[in-house]
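Please look through the following structure with attention to its aromatic rings and its surface.

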Amino acid sequence: MSNELASGWYSDADGKKRYWNGERWSDFKFEGAEQSLPVPAVRAEPSDVGDGPRDGYTDPRAPSKQPSPQVDREGGAASSPKRSKSLLIVIAAVVAGILILSGGAAWWKISSDSRAEQVAASEREAEEKERSDAAARAERAADTAERAYRAEIVTALEASIVEDANESVAEGVLEGPILSGYCTATGGGSTDDLTALTGTFECIAVTEQNGDQSKGYAYSATINWSDGSYTWRLGN
């Protein structure tokens with residue numbers, strides 16, 4: 001069914017009639033009975049070209065005219081400038097957020113790596129100090145054990161000299177009694193000098209003791225610290 005308006009006279013909003021020839025409107029208006037109206041010649045003018053009544057007249061059959069949305073080259077409805085601007089703002093905000101998060105993550109990683117390196121360095125320093133302290137303790141313990149070992153050798157040397165002097169008294173070579181014996185390091189090699197491999201000593205087989213004064217028979221001795229052996233002889 002066609003919605004085109006048939007040719008004829010139609011009333012305007014002011015109550016006058018104007019002729020529609022199916023393509024355009026006549027220039028003049030007319031008042032009177034429609035039966036006596038002739039068919040006027042209609043001049044084509046750009047302002048008259050249209051597809052329905054104008055100047056207040058509305059054809060009830062004519063469809064309502066709505067502005068057509070702009071269509072983009074892809075055939076879809078084009079977005080309005082305001083909407084496009086809002087979309088660009090949202091995209092820019094999302095990109096900025098991603099960049100901020102990426103930068104924050106990178107900073108956190110650098111800071112975390114730096115803290116991890118500091119912790120690792122502190123742990124290595126603590127381990128190195130512990131090894132150094134342990135080595136120092138072991139060295140002090142070894143030195144203490146070496147001094148105790150050398151002191152025992154000196155004690156054994158003194159006992160050997162007293163035993164030898166008593167044998168000499170029994171043989172009539174020396175006069176007794178032999179009360180005790182002691183040795184003093186000479187020329188280095190004492191029990192405190194742990195760098196020396198040997199030590200020399202002056203020893204006495206005591207026959208008289210008067211306070212701090214001692215009298216007796218002098219002996220000289222040598223100790224080999226490496227194997228703990230020693231020798232002695234009567235006299236200096």
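A residue is called buried when its relative accessible area is under 20%, exposed when that area is over 50%, and partly exposed in between. In this predicted model, Phe-201 has a relative accessible area of 4% and is therefore buried. Trp-225, with a relative accessible area of 3%, is buried as well.

The aromatic rings may now be considered in pairs. A search of the whole structure finds five aromatic pairs. One of them joins Trp-9 and Tyr-19: the ring centres are 5.3 Å apart and the planes stand at 65 degrees, so this pair is edge-to-face. The pair connects distant parts of the chain, since Trp-9 belongs to strand β1 (residues 8-11) and Tyr-19 to strand β2 (residues 17-20), 10 residues apart. Both Trp-9 and Tyr-19 are buried.

Phe-201 and Trp-225 also form a pair; their ring centres lie 6.2 Å apart with the planes at 80 degrees, and because planes over 60 degrees apart count as edge-to-face, so does this pair. Here too distant parts of the chain are linked: Phe-201 is in strand β4 (residues 198-210), while Trp-225 is in the loop between β5 (213-224) and β6 (229-234), 24 residues apart. Elsewhere, ring pairs link Tyr-10, Trp-20 and Trp-25 into a cluster.

The surface comes next. Leu-87, Leu-88, Ile-91, Val-95 and Leu-99 make a nonpolar surface patch of about 500 Å². Within this group, Val-95 is located in helix α1 (residues 81-170). Its relative accessibility is 43%, so Val-95 counts as partly exposed.

Conventions: Residues are numbered from 1 along each chain as its sequence is written. This is a predicted model: local features need pLDDT of at least 70, side-chain atom pairs count only at pLDDT 80 or more; totals for chains, interfaces and linings use all residues. Side-chain values use heavy atoms; hydrogens and water are left out. Rings of Phe, Tyr and Trp (its six-membered ring) pair if their centres lie within 6.5 Å; planes under 30 degrees apart count as stacked, over 60 as edge-to-face and the rest as tilted. Helices (H or I, at least four residues) and strands (E, at least two) are DSSP runs, numbered from the N terminus. Buried means under 20% relative accessible area, exposed over 50%, partly exposed in between (1.4 Å probe, protein chains only). Patches are made of residues with over 30% relative accessible area and no salt bridge: like charges are joined within 9 Å, nonpolar side chains (Val, Leu, Ile, Met, Phe, Trp, Tyr) within 5 Å. Accessible areas come from the Shrake-Rupley method with a 1.4 Å probe; for residues, only the protein chains shown count as cover. A salt bridge is a side-chain nitrogen of Lys or Arg within 4 Å of a carboxyl oxygen of Asp or Glu.
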